[in-house]
Amino acid sequence: ALVIGNSNYATARLRNPVNDAQAIAAKLRTLGFEVIEKTDVSRKEMRRAIRDFGRRIKAGGVGLFYFAGHGVQYQGQNYIIPVGAEIDEEDVISDEGVSVNQVLARMGSAKNRLNLVILDSCRNNPYARSFRSQRLGLAPTQAPTGTYISYAAAPGFLAADGKGKHSPYTQAILDAIDAPGMKIEDVFKRVRVEVLRNTNRKQTPYTES
């Protein structure tokens, strides 16, 4: 598993992603995952971690990628934003951000029986004022064969950072992910129900597979 949480953004600091990533990493270790854990990382560090992750999952098993932090969509692609990114207009997103498609490509080349992608990354768009499109949240992605993708919120909608120690979405995952004997779809149905309840139905997690 590769787990990344970015909080310390110069433009719009987030309260919980580092807490979220640390808790997810700890939970995954109890479930038998070998975890690469990164917090408040630059674009170079993120890309290096993704390459390392890609090499490791080729050994087999289940690959899991989790990201908490800022994420934006641009020209139909989703980008997760490193700490230190300088984004003053849409045209630089592909240079300053990291495309989720890079992660999916690494997972696809490993040819594992199952890959999981969990994105708690559409909390808001701090760069929206300088964007022309004004698109909120993340865009839907065509999940490759054998891949299950879970988003904190439906396409085009924002997710809450949370007032407690964790975001509502990550807290729901922590509550549900180690339930024994459940299908993946059932785990994330539990997550959706909990998030809907705890956000007064303002946030609906979304999945693709």
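In strand β3, I4 has F67 as its bridge partner. The structure is a predicted model, in which local features require pLDDT of at least 70 and side-chain atom pairs count only at pLDDT 80 or more, while totals for chains, interfaces and linings use all residues. Residues are numbered from 1 along each chain as its sequence is written, and side-chain values use heavy atoms, with hydrogens and water left out.

Strand β1 (residues 2-5) pairs with β3 (residues 62-68) in the parallel sense, over four bridges; strands pair if DSSP finds at least two bridges between them. Strand β3 is also joined by seven bridges to strand β7 (residues 114-120), and these two strands run parallel. Within β7, N115 is the bridge partner of G63. Of the seven residues of β3, six are buried (under 20% relative accessible area, with a 1.4 Å probe and protein chains only). Strands are DSSP runs of E with at least two residues, and helices are runs of H or I with at least four, numbered from the N terminus.

Helix α1 (residues 17-30) packs against helix α5 (residues 168-176) at an angle of about 15°, and their axes lie 10 Å apart. Axes are lines fitted to C-alpha atoms, for helices over the stretch in contact, and angles run from 0 to 180 degrees between N-to-C directions. The two helices are therefore roughly parallel (angles under 35 degrees). The contact (heavy atoms within 4.5 Å) involves D20, A23, I24 and K27 of α1 together with T170, I173 and L174 of α5.

Notes:
Parallel < 35°, antiparallel > 145°, perpendicular 65-115°, else oblique. Buried < 20%, exposed > 50% of the residue type's maximum accessible area, 1.4 Å probe, protein only.
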